[in-house]
Amino acid sequence: MNPKPTRRDALDNRERILTVAREAIAASSGTSHGVSLTAIAKEAGVGIGTLYRHFPTREALILELYRHDIQHLIDRAPVLLTDHPPLMALRLWFDEVAHYGRLKYGVAEVIHAATDGGADDEYFAPFVAAIALLLKAGAADGSLKSGLDPEDVLLQLSVLWRLDPARDGEARAGRILDLIVDGLRTAP
């Protein structure tokens with residue numbers, strides 16, 4: 001028996017809720033605690049019941065934002081390599097990861113709890129594969145050192161989730177990314 005397909009308006013409601021929630025969390029310096037689900041529903045133009053039908057808990061909403069955003073980052077790596085030289089693609093991708101890190105800053109505890117500290121995270125391997133793709137392309141054209149471990153690079157990037165956006169986080173992320181990229185390059 002095939003399940004009934006989701007109506008287009010339900011899909012649109014879901015996307016509006018996610019968009020508004022992402023903006024609300026970002027506007028609250030990356031914390032979800034000060035973000036009212038009622039305000040999200042109102043801003044998205046849906047009733048609170050509709051929000052809860054899609055996301056029965058605050059944690060469910062945060063995890064769906066995480067899934068959506070992390071998949072977007074994974075998908076961006078090959079696109080950036082198509083449009084840019086590997087070193088530039090890597091840095092642009094890192095900038096997008098840093099932008100995502102500002103959202104994750106205040107909700108990391110929810111994501112880590114739901115993924116057993118990352119051990120059960122279905123996106124771990126694909127995210128590492130995206131890093132590996134960028135590193136391999138850079139090694140192939142000589143702009144990046146060869147033999148770099150993508151999991152080591154992920155560990156370096158993980159500092160981005162700890163930068164408080166309200167305390168000069170964006171500028172600090174840029175400086176840290178410069179240091180990371182300088183360490184990966186074959187020549188400064």
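These are my notebook entries on a predicted model of one protein chain.

**Ground rules.** I number residues from 1 along each chain as its sequence is written, and side-chain values use heavy atoms, with hydrogens and water left out. Because the model is predicted, local features need pLDDT of at least 70 and side-chain atom pairs count only at pLDDT 80 or more, while totals for chains, interfaces and linings use all residues.

**Whole chain.** I looked up the secondary structure. The protein chain has 9 helices and 0 strands. Helices (H or I, at least four residues) and strands (E, at least two) are DSSP runs, numbered from the N terminus. Along the sequence I read α-α-α-α-α-α-α-α-α.

Next came burial. Of the 188 residues, 40% are buried. Buried means under 20% relative accessible area, exposed over 50%, and partly exposed in between (1.4 Å probe, protein chains only).

Then I checked contacts, meaning heavy atoms within 4.5 Å. Among contacts with a separation of 6 or more, 70% join residues 24 or more positions apart.

**Helix H1.** H1 covers residues 8–27. From first C-alpha to last, H1 reaches 29 Å, close to the 28 Å expected at 1.5 Å a residue. The expected span is 1.5 Å times one less than the number of residues. I listed the buried residues of H1: Ala10, Asn13, Ile17, Leu18, Val20, Ala21 and Ile25.

**Glu64.** I found Glu64 in helix H4 (residues 58–83). Is Glu64 buried or exposed? Glu64 counts as buried because its relative accessibility is 18%. Leaving out residues up to four places away in sequence, Glu64 touches Arg14, Leu18 and Phe55.

**Helix H7.** H7 has 18 residues, which should span 26 Å, and its end C-alpha atoms are 26 Å apart, so the two agree. Its buried residues include Phe127, Val128, Ile131 and Leu135. An α-helix has 3.6 residues a turn, so residues three or four places apart point the same way. Gly142 follows H7, with a positive phi near 85°.

**H7 against H8.** How do the axes of H7 and H8 cross? The axes of H7 (residues 124–141) and H8 (residues 150–157) come within 9 Å and cross at roughly 105°. Axes are lines fitted to C-alpha atoms, for helices over the stretch in contact, and angles run from 0 to 180 degrees between N-to-C directions. From H7, the contact uses Phe124, Phe127, Val128, Ile131, Ala132 and Leu135. From H8, Pro150, Glu151, Val153, Leu154 and Leu157 take part. By class, I noted 10 nonpolar, no polar and 1 charged residues. Ala, Val, Leu, Ile, Met, Phe, Trp, Tyr, Cys and Pro count as nonpolar, Asp, Glu, Lys and Arg as charged, and the others, Gly among them, as polar.
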